[in-house]
Amino acid sequence: MLVVMAVGARARADTPAARLGAAFRAYDASDLAGARRAIAGVRDADVANRDYLQWLRGMLALRAGDTDAAAREFRHIDHASRFAPQVPWRLADCAWTRGDHGTAADAYARLIDAPGAGDVADVGTAMFRVADARHDAAAYRALLIAHPAHPLAAEAEARMLALGGVPLTDAERITRAQHLQDAHLWDEAVAELALVPAGTDHDYWLGITLFKMRRRYGDAGALLLAVYDKLPGATAPDAMFHGARALSRADRDDEAITWYRKLVERYPDSANAAEAQFLAGWLEFNRGHYKQAISPLERSLARYGHSKFAEDARWFLAMSHYFLDDLVAARRELTELSKHGGALEGGKGAYWLARLADRTGDADEAARGYRDVIAAHPMSWYALLAHARLAARNADVPAFGSADARARGPKLAATADEALASDPVIVRADELIAAGLHADAAAELERAEKPFLRAHDHAAAFATLLDRYRKAGDYFRPWMLAVSYCGAALDGPADGDARRWWENAYPRAYRDLVDKYQALGDNPDGYLYSIMRKESGFNPHDISYADAQGLLQMIPPTTERVAATIGIAYDPGKLYEPAYNVEVGSWYIGHLLHKFRMQIPIGAGSFNSGPKPVMKWLDQNGAREIDEFVELVPYTQTREYMKKVAENYARYRYLYAGEIYKQPIAIEHYVVDQLTY
């Protein structure tokens, strides 16, 4: 779709919209002359997005040194424009470029401390210019500390010293290390701390940095636990808590539990105490020490019953009793849990209550429980399990719990209402789409969503918005709109208006790429969409804390190995290209699914955690049934990921293949092959 639209935009190169798009693309490619040629003769009155034209003319004039022309363009930009927050920064740039450094420095100084400054400007360069204009060693110093990774930081340090400034203190270097850590520049943070003598503050921040960079957990724990009692205020329990967590991640659970208990005893009201108390029990459960888990989990509920860890404490307490065959106690905790809302909270409690009934031989109660889960939380992980349990009894239950289930949710027109095309919001979006500025079109639509919906009939307005988002190549916002405004439609059959909501909530995003590459791996139809929806929400520019990138959230080191295997090149940044991301992701994800014998939740879990942990879990618990196996997955993120991808897959199969996905209860072992990364 995007290729066709881009070709169309080039074919109509004589239109103002196409020329505007060509100019922006040339500017982004640093072809300033080409950008000027593209918009030569285009007037404000020729385009609906005059602020885009004004912004680009201003930037071109500024780059050419014509600061008067640039300032005129910037001042004409409407205050409601998305470019408006950048205008004062650009006016300061104009003053700087024409040599009025004092005026520019005063403007930068006011802007630097404004909320959100870092979102719209290069604050580091502004700080450097303030220091340069004022010959101020302290201002250079401020830049050095606040923006240690900035390209001008080294020059700032040289100028600071030349002006008589003293070298950075140990405390300032520690602050620099904190900023480097915030930017996930872990190695740089460690290098900065290496310039500071060992001591309490140094050891604390080095320990925190090692912990967050996910390396040398044993060293991190030793550093933090050696200094916690020398630290002030809330930093002391924080150090103890992260030290204990580091020990746990270094597979030293007995020591971690001891430290968690010490933390609760010494700092019972600290911000970390509730989690520490819960983890003391969870670690026992995670090791299969169900009896030893009960007491700390009970204390977690008794002492911190209103914390965000209470629900998990109750769940693991229930399952501890369950695995110890104390079904009366398990029922008590599960009954409390089932009172919660949500498929992964209340649905979990209700499903496992039905499983308890199964174990005690009460077949009728179990069947009622399974049916209730399906009706209350259709197509959720627990509904899939309930269907499987009922199918084993030869009970055929419809997907939504009853044969006469009706589609739900608000109206959604079948097609965009072109009568709304004259609304300024749509006019602007259509022009940007015609210009090939798809991301900008989507951004303008999102900014105007609420007033546009207020101004028009919802059924027609939603259809028009969703249509334009799709034409702009944006699948994320339609998904969010469908879930946020019309979640009820997704809990019933995909008929009529509801089907249209379903198709926006579960789109076949980038279908041409998925169709082209999914056969590189053993990917059943719908599986890659299920992963993509969970991983990135169909955002090709997404990046995770762990540096997973793009649509399928591939990690660079893994991608390098995949690229070498399938014979394509790799270089940094390629993963943000949808075609490349889907190509390497399809191979890797599909081969993982094959390794784990096409078992959707297990294959998905291996993509989330890597295959080695899943192989270990299968070796330990592979004789159990799938419901118990998943609940025993020790990584919380992976455990919930497995459940959600299975639900996504079931919904894609239902919507596009007209099939009810049947989740197997029995587990198969993995294929022994070379794919262990």
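Is Arg454 buried or exposed? Arg454 is exposed, because its relative accessible area is 66%. The model is predicted, so local features need pLDDT of at least 70, side-chain atom pairs count only at pLDDT 80 or more, and totals for chains, interfaces and linings use all residues. Residues are numbered from 1 along each chain as its sequence is written, and side-chain values use heavy atoms, with hydrogens and water left out.

Arg454 belongs to helix α26 (residues 438–455). Helices are DSSP runs (H or I, at least four residues), numbered from the N terminus. Between Arg454 and Pro167 there are 58 Å in space, C-alpha to C-alpha, and 287 residues in sequence. Another arginine, Arg428, sits in helix α25 (residues 424–434). Arg428 is buried, as its relative accessible area is 18%. Residues up to four places away in sequence aside, Arg428 touches Ala48, Asn49, Asp51, Tyr52 and Glu444. Contact here means heavy atoms within 4.5 Å.

Helix α7 covers residues 101–112. At 1.5 Å a residue, its twelve residues should span 16 Å. The expected span is 1.5 Å times one less than the number of residues. The end C-alpha atoms of α7 are 16 Å apart, which agrees. Buried in α7 are Ala104, Ala105, Ala107, Tyr108, Leu111 and Ile112. Seen down the helix axis, these buried residues fall within an arc of 165°, so they line one face of α7. The arc is taken from the directions that run from the helix axis to the C-beta atoms. The buried residues of α7 pack against α6 (87–97), α8 (117–120) and α9 (123–134).

The largest nonpolar core has 189 residues. A nonpolar core is a set of buried Ala, Val, Leu, Ile, Met, Phe, Trp, Tyr and Cys residues joined through side-chain atoms within 4.5 Å. Trp502 and Phe629 touch the most other members of this largest core. Beyond neighbours within four places in sequence, the contacts of Trp502 include Met379, Phe400, Leu490, Pro493 and Tyr654.

Side chains of opposite charge can pair when their charged atoms come close. A salt bridge is counted when a side-chain nitrogen of Lys or Arg is within 4 Å of a carboxyl oxygen of Asp or Glu. The count comes to 53 salt bridges. One of them joins Arg57 and Asp44 (2.6 Å, N to O). Arg57 lies in helix α4 (residues 50–64) and Asp44 in the loop between α3 (32–39) and α4, so the pair ties together parts 13 residues apart in sequence. Arg57 counts as partly exposed, because its relative accessibility is 21%.

Arg141 and Glu172 also form a salt bridge (2.9 Å, N to O). This pair links helix α10 (residues 137–146), which holds Arg141, to helix α12 (residues 170–182), which holds Glu172, 31 residues apart. Both Arg141 and Glu172 are buried. Arg173 and Glu192 meet in a further salt bridge (2.7 Å, N to O). Arg173 is in helix α12 and Glu192 in helix α13 (residues 186–193), 19 residues apart. Arg173 is buried at 14% relative accessible area, and Glu192 is buried at 6%. A network of salt bridges links Arg355, Arg389, Arg624, Glu625, Asp627 and Glu628.

Note on methods:
Helix = DSSP H or I, 4+ residues; strand = E, 2+ residues; numbered from the N terminus. Buried < 20%, exposed > 50% of the residue type's maximum accessible area, 1.4 Å probe, protein only.
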